[in-house]
Every structure is written in C-alpha cells, then in structure tokens.
Amino acid sequence: MKTNKDVLSVAALTAYFIFLLGSAMAPPAPPVVEYFIFNPPSTAAPTKSKISIAILTPTTTGSFFVNEAQMATDAKLSISRMASAMQTDLEKIIINRGYTTAGTFSSIDEMTYSQKERASFILRPIINLDLIVQGGQGTMSGNVTLELMEPMSKEKIWIKRLNLDPIIGPISYELAHVQTPPDMRARLVQMISANSVRMLLNNFYMPAMEKIWNHFDPREINNLKSDSDKLKGKTQYQGK
C-alpha cells in the first residue's frame, strides 16, 4: 500500500525529470562574448615624463565578488580575465599619458627592492561592485578607486574614487554539481550563469575605463612627484 510519503516522492521525482527533460530540449543561449578592451581616445603625441608607475592587479570588493561562489565556473573565469584586462589597459593609459611603466605586479610584495626604487609611484586599482538580484533582474552598482602610493613607504599620496552609474541586466541560472555542507556531497545547485555575469561586466568595463582615463590627468599627477620624493628622502631611499 502506497503511503502519502511515497506518492509525494514519486511526484517530486517526476517533476524533477520533467525539468531535466525540458532543460535538455531547450536550446542553449548563445554565449555572450567578453569585451574587456579600452583604447585611449587621445591621438596627440603625449608629453614625455620621467615619472615611472608600477601597476598592481586590481583588488576586488563588494557583494558581486563575495558571491562568486554562487556563480558558474565560466563566470568566475570571466571575472579573472576582466581584472587582468584592466591591468593591461591601465598600462596603456599610463603610456598614453606620457609616463613609463615600472611593470605590472600581483602585489607590492612581488616587487624587488630595485623595482621599488626606480618606480615613482605604485598604482593600485580597487573595484567595488554590489549586485542585487530581484525577480530575474540584477542591478550592479559601485565604484572604482585609484590609489597612488610611494613604493618604499607604501604611503598613499593620491586617492581618487570614481562612482559608476547602476547597471541593470537579466539574470539567468545554470545547474551545476557543487559540494555542499554538511556532508559535502555533490548536489545540483542553481548558479548565476556566465552569460549574465559577462553582460554585467561588459557594461561595467567601458564606462569605468573612460572615467579612469578622464581622471588620470597629467597636470594633477605631475604635482605629486615632489611628495613621493620627500617620502623617499625620509626613508633614506632616493630613487635615481
């Protein structure tokens, strides 16, 4: 004799297999192509400067990045590629503004003594993004902060916080096998899709880089060189 519990179990399994069948039959959404490329708009030859700037890999903060564990694997890779692209494009901006680059690094600790000595500044970009998902729609908001530091003392000389307009886009999900507590067995879990993450990042990237370009003004940066030299003098490290 079947119990109510048995009937419910059969109904649940049937619904689950119908869901899987529907998912299998539904055509997959075409992949969203990442577009993390910024070309500085200036065409005039920049005025050359003796200032040399090292660039760190962007630091990421905010709920968008904290919730990476709830994103599909390909989405996490897109985030990593976006951060790498920003470091590359910051290098293009620095060169286009007339400065030389002292290299790109994942952290200050990766720099050698001589590299710190030669660099006038270290540029640390910080990406702060929050994501709120409601009813299949995501709203991403936040800012990008630029910090210029004196390499030896690591003291911040210049901080520029650039607020960005909110970005709204559809949020879809993918099923993935994920180890979950308490027994850490693999279970099917809904993860934010790579397409959703890529669309949000694509819409974030260009406006963010344009703001960085506009605010990284040589007239302001050049005036900071004497502050950096003073700090080097205090620590008895006078760069050549």
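Is Phe105 buried or exposed? I started my notebook with that one, and Phe105 counts as buried, at 7% relative accessibility. A reminder to myself before going on: this is a predicted model.

**Entry 1, around Phe105.** I placed Phe105 in strand β3, which covers residues 100–105. Then I listed its contacts, skipping neighbours within four places in sequence: Ala54, Ile55, Leu56 and Thr57, then Gln87, and also Glu110, Met111 and Gln115. I also checked Pro58, which lies 47 residues from Phe105 in sequence and 9.9 Å from it in space, C-alpha to C-alpha.

I stepped back and counted seven helices and eight strands. Of the 240 residues, 39% are buried. Among contacts with a separation of 6 or more, 73% join residues 24 or more positions apart. The exposed surface comes to about 13,800 Å², and carbon and sulfur atoms supply 56% of that area.

As a general note, nonpolar side chains tend to be buried together in soluble globular proteins.

Leaving out residues up to four places away in sequence, I see Ile53 touching Ile94, Tyr99, Thr100, Thr101, Ala102, Gly103, Phe121, Leu123, Leu148 and Phe216.

I looked up Ser52 next and found it in strand β1. Why does Ser52 count as buried? Its relative accessible area is 11%, and the cut-off for buried is under 20%. Beyond four places in sequence, Ser52 touches Thr100, Thr101 and Ala102, as well as Arg118, Ala119, Ser120 and Phe121.

My last stop was Asn195, in helix α5 (residues 194–215). Asn195 is buried too, with a relative accessible area of 14%. What does Asn195 touch, not counting residues up to four places away in sequence? I noted Ala29, Pro30, Pro31 and Val32.

Notes
Residues numbered from 1 in each chain as written. Predicted model: local features only at pLDDT ≥ 70, side-chain atom pairs only at ≥ 80, totals over all residues. Heavy atoms only, no water. Helix = DSSP H or I, 4+ residues; strand = E, 2+ residues; numbered from the N terminus. Buried < 20%, exposed > 50% of the residue type's maximum accessible area, 1.4 Å probe, protein only. Contact = heavy atoms within 4.5 Å. Areas by Shrake-Rupley, 256 points an atom, 1.4 Å probe, with all protein chains shown as cover.
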